[in-house]
Amino acid sequence: MLKIDNVSKTYKKGNKEALKNINLDIGKGEFTALLGQNGAGKTTLINILAGNVQKTKGIVTIGGYDLDNNSLETKRIIGIVPQEVGHDYVFTIEEMLKKQSGYFGIKNNKNYIDDLLEELSLKDKRKVTARELSGGMKRRLLIAKALVHKPKILILDEPTAGVDIELRRSMYGFLNKLHGEGTTIILTTHYIEEAEKLCKRIIVIDDGKIIEDQPKEKLMGLFSENTRIKFEFDYDINSSDIEFLEEYSPIIKENRELQIKVNKSDLSKVLRLVSERGLKFVDINVDKPKLEDIYLKLIRH
Ligand SMILES: Nc1ncnc2c1ncn2[C@@H]1O[C@H](COP(=O)(O)OP(=O)(O)OP(=O)(O)O)[C@@H](O)[C@H]1O
Ligand SMILES: [Mg+2]
């Protein structure tokens, strides 16, 4: 669906090498997270796909079309939600979306525009200009704009920055729905738990290079030995009580808490051992590795 071959970008200004030999192949219907620190090159890559930034080298193919020779076709296939919010203040929200549809030669899509406004909780704002929208609403309007032509690929550059938690959740639901309908989605975000919740493939870009590209489950699996179990007791335990757990190097904290680090696959075995011994715990807590911890490890390397 989207193929990026050996793409590099050096900005003339500052002679900044923002992308260094990027290779990516994204299939139809994938839901991918593009993660990376400030200045890693995410927006540069997205702007190249959108045709807003000229790559220095490499080939981009979108839905089978070469980006350099088919900008009209490629623009039809992708919808971009840009990182920067910039709306004109002349037209109402509804007029703006109608105009945007017009760029793609689409007419009479009022019902679809209504649906989009409904999904993005903007329906009651349809008759006002963007000036009267809050920051989070302006961001949601960007999503509506990116979707008017029903693109096959949706690329979102930090769509949830500054969006409150409740609306973020409803946005997740909306993105999941689009994914379910077959839309290919690429999401950049600094909220790593968002990528963990939504995406199936994780790409990490660091200083213009891809340093990780894996299915999420596989990436999380690589770190599954970092699962920590905590048992809490309402009586003091001592080391002789937990000798049977020796192979897991158990630690007792403040006499009443037992901590064990295990591989996720050993979880049920440890629980069985503990209950067979008749250790009566009053609380249990399983701390699984989070994508955020893995991500931090990756970028610190
Ligand atoms: N128009 C430009 N001219 C010169 N340098 C630029 C330009 N745009 C971006 N850069 C530089 O390219 C690098 C990558 O920037 P980019 O905006 O792609 O990062 P990003 O990963 O999107 O970061 P963020 O998470 O902060 O949005 C940075 O060093 C940035 O300063
Ligand atoms: Mg950016």
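Helices (H or I, at least four residues) and strands (E, at least two) are taken as DSSP runs and numbered from the N terminus. The structure is a predicted model, in which local features need pLDDT of at least 70 and side-chain atom pairs count only at pLDDT 80 or more, while totals for chains, interfaces and linings use all residues. Residues are numbered from 1 along each chain as its sequence is written, chains are lettered from A and ligands numbered from 1 in the order in which they are written, and side-chain values use heavy atoms, with hydrogens and water left out.

Just after helix α1, G51 adopts a positive phi of about 80 degrees. The helix itself is mostly covered, with seven of its nine residues buried; buried denotes under 20% relative accessible area, exposed over 50%, and partly exposed the range in between (1.4 Å probe, protein chains only). The buried residues of α1 are K42, T44, L45, I46, I48, L49 and A50.

T44 is located in α1 and has a relative accessible area of 9%. Apart from neighbours within four places in sequence, T44 is in contact with K9, Y11, A18 and L19, where contact means heavy atoms within 4.5 Å. The C-alpha atoms of T44 and N21 are separated by 13 Å, the two residues being 23 apart along the chain.

The magnesium ion (ligand 2) is coordinated by OG1 of T43 and OE1 of Q83, at 1.9 to 2.2 Å. T43 belongs to α1 (residues 42-50) and Q83 to the loop between β6 (78-81) and α3 (93-103), so the pair ties together parts that are 40 residues apart in sequence. Donors are N, O and S atoms within 2.8 Å of the metal (3.2 Å for Na, K and Ca); water is not among the atoms, so sites may look incomplete. T43 is partly exposed, with a relative accessible area of 25%, and Q83 is likewise partly exposed, at 26%.

Helix α3 packs against helix α5 (residues 135-147) at an angle of about 30 degrees, with the axes 9 Å apart. Axes are lines fitted to C-alpha atoms, for helices over the stretch in contact, and angles run from 0 to 180 degrees between N-to-C directions. α3 and α5 are therefore roughly parallel, a term for angles under 35 degrees. By class, the contact of α3 with α5 comprises five nonpolar, one polar and one charged residues.

Key. Parallel < 35°, antiparallel > 145°, perpendicular 65-115°, else oblique. Nonpolar A, V, L, I, M, F, W, Y, C, P; charged D, E, K, R; others polar.
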